[in-house]
Amino acid sequence: MAPRSTSAIPVASRIGGFVYAIRNIVTEARKVEAAGRTVRYLNIGDPITFGFKTPAHMIEAVDAAIRDGHNGYAPSVGIVAAREAVAADCERRGMPVSPDRVVITSGTSEGIELALTALAEAGDEVLVPVPTYPLYTAVLAKIGAKAVFYRTDPDRGWLPDIDHVRSLVSPRTRALVVIDPNNPTGATYSADVRRALVDLADRHAIPLLADEVYADLAFDGPVRALCADAPDAPVISFSSLSKAYLAPGWRAGWMAVGRDPRLDDVLGAVKKLADGRLCATGPMEYAIVAALTGDRSHQEAFRAALRDRAELTVARLNAIPGIAVVPPTAAFYVMPKVALPPGKTDADFVLALLRATGVLCVHGSGFNTRPEDGFFRIVFLASPADLSGIYDDLAAFTADYLR
Ligand SMILES: Cc1ncc(COP(=O)(O)O)c(C=O)c1O
């Protein structure tokens, strides 16, 4: 008999490209904790960990669904009531779409994965912003497709550079990703830029993947659907209960495939893929109905809390010599830039900050900016008092680091 092999079992090579820095960096934080230092986690955009509460009527809807026995598999595209609620919400936001073009997903994340899987072959190209939310590059690595990065410009409020986007379109371009409002920059895009992106997608018949998970969290009030002025463009919109409805752990989201008939086959492909994973979380689909048809007063309070924290963050960061930040206009992220000493990278800075102060941020290169550019991302959901203490520590550390 052959001796028992002791060699490690290999993993697929595509895993090497599947990088999600927001969570990967936690490994370093755990080491710092093991050494006895308290870590202040500013890496993950989860409002619940900072004391914000899921609205009671949504919890009641899930509770009632479970008690009423809705514990079996849901339809793979989602329950009718949830799809109708999403379609009505899309219509209200300026994206007219029928419920049969809505698919309920396990968060925005699953919608993104379903759409990219339906659209891109190995070797195909997808236009992705820099900085980007890292799930896009991770999923593309898994599929074997290529992320082609378009610039967003910190000197213009992190707006996409439309000429650059245009110059990157090729016969292999299979989708254009737009994240507005944006993670990691906290930017909202101007009407001109939004229109130019949608027009480009329309003209070239490139599906525009509109990540609108922060649409209700712009400080000045909800942002309209990206395709509101061009409802016949090939736009697929994604959102969820995670951020604006304060229930990220429920994994309840949706995608709405625009009414453009050029998207019909893509819709069919997404539904086929959705069949294979059976359904999204069943009881939580009842909360989608409650969220989208019920009381939204929590959002106004949440937006006000975010605006206060954003103002504090910008004032405190811009007062630190060597750090500059573009004021965010939505969500709970900022992307400051530190003037790094020669030879240092953004990850060097973030890890040194973590080890010296216990403050955990994510380096910009985790969102595909250049390591030497010195960007890093802060999640500013902590209370103003906690943030103030954190910014004291950041200021003292930076003074020392740049000395
Ligand atoms: C831009 C963006 N898209 C998608 C997601 C994933 O959201 P969900 O919890 O709905 O999967 C996030 C989460 O941080 C995000 O920032």
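Here is a short tour of the ligand site, one arginine and a few cysteines.

This is a predicted model, with local features needing pLDDT of at least 70 and side-chain atom pairs counting only at pLDDT 80 or more, while totals for chains, interfaces and linings use all residues. Residues are numbered from 1 along each chain as its sequence is written, and side-chain values use heavy atoms, leaving out hydrogens and water.

Start by selecting the ligand. It has 14 residues around it, and the closest are S109, N183, D211, Y214 and S242 (near means a heavy atom within 4 Å). Now show the side chains of T108, Y214 and S240. An N or O atom in the T108 side chain is 2.7 Å from a ligand oxygen, the corresponding distance for Y214 is 2.6 Å, and a polar side-chain atom of S240 sits 2.7 Å from a ligand oxygen. On its own the ligand exposes 400 Å², and the protein buries 94% of that (Shrake-Rupley areas, 1.4 Å probe).

Next, pick R194, in helix α8, residues 191-204 (a DSSP run of H or I, at least four residues). Buried or exposed? R194 is buried, at 11% relative accessibility (buried is under 20% relative accessible area, with a 1.4 Å probe and protein chains only). A polar atom of its side chain lies 2.8 Å from the backbone oxygen of R224. Leaving out residues up to four places away in sequence, R194 touches D180, Y189, V223, R224, A225 and L226 (heavy atoms within 4.5 Å).

Last stop: the cysteines. How many disulfides does the structure hold? It holds 0 (a disulfide is a pair of cysteine sulfurs within 2.5 Å). Select C90: its sulfur is 8.2 Å from the closest cysteine sulfur, in C227, so the two are too far apart for a bond. C90 is buried at 4% relative accessibility, and C361 is buried at 2%.

Definitions and conventions: Buried means under 20% relative accessible area, exposed over 50%, partly exposed in between (1.4 Å probe, protein chains only). Helices (H or I, at least four residues) and strands (E, at least two) are DSSP runs, numbered from the N terminus. A polar contact is a pair of N or O atoms within 3.5 Å; within protein, one must be able to donate a hydrogen and the other to accept it, and residues adjacent in sequence count only if both atoms are side-chain atoms.
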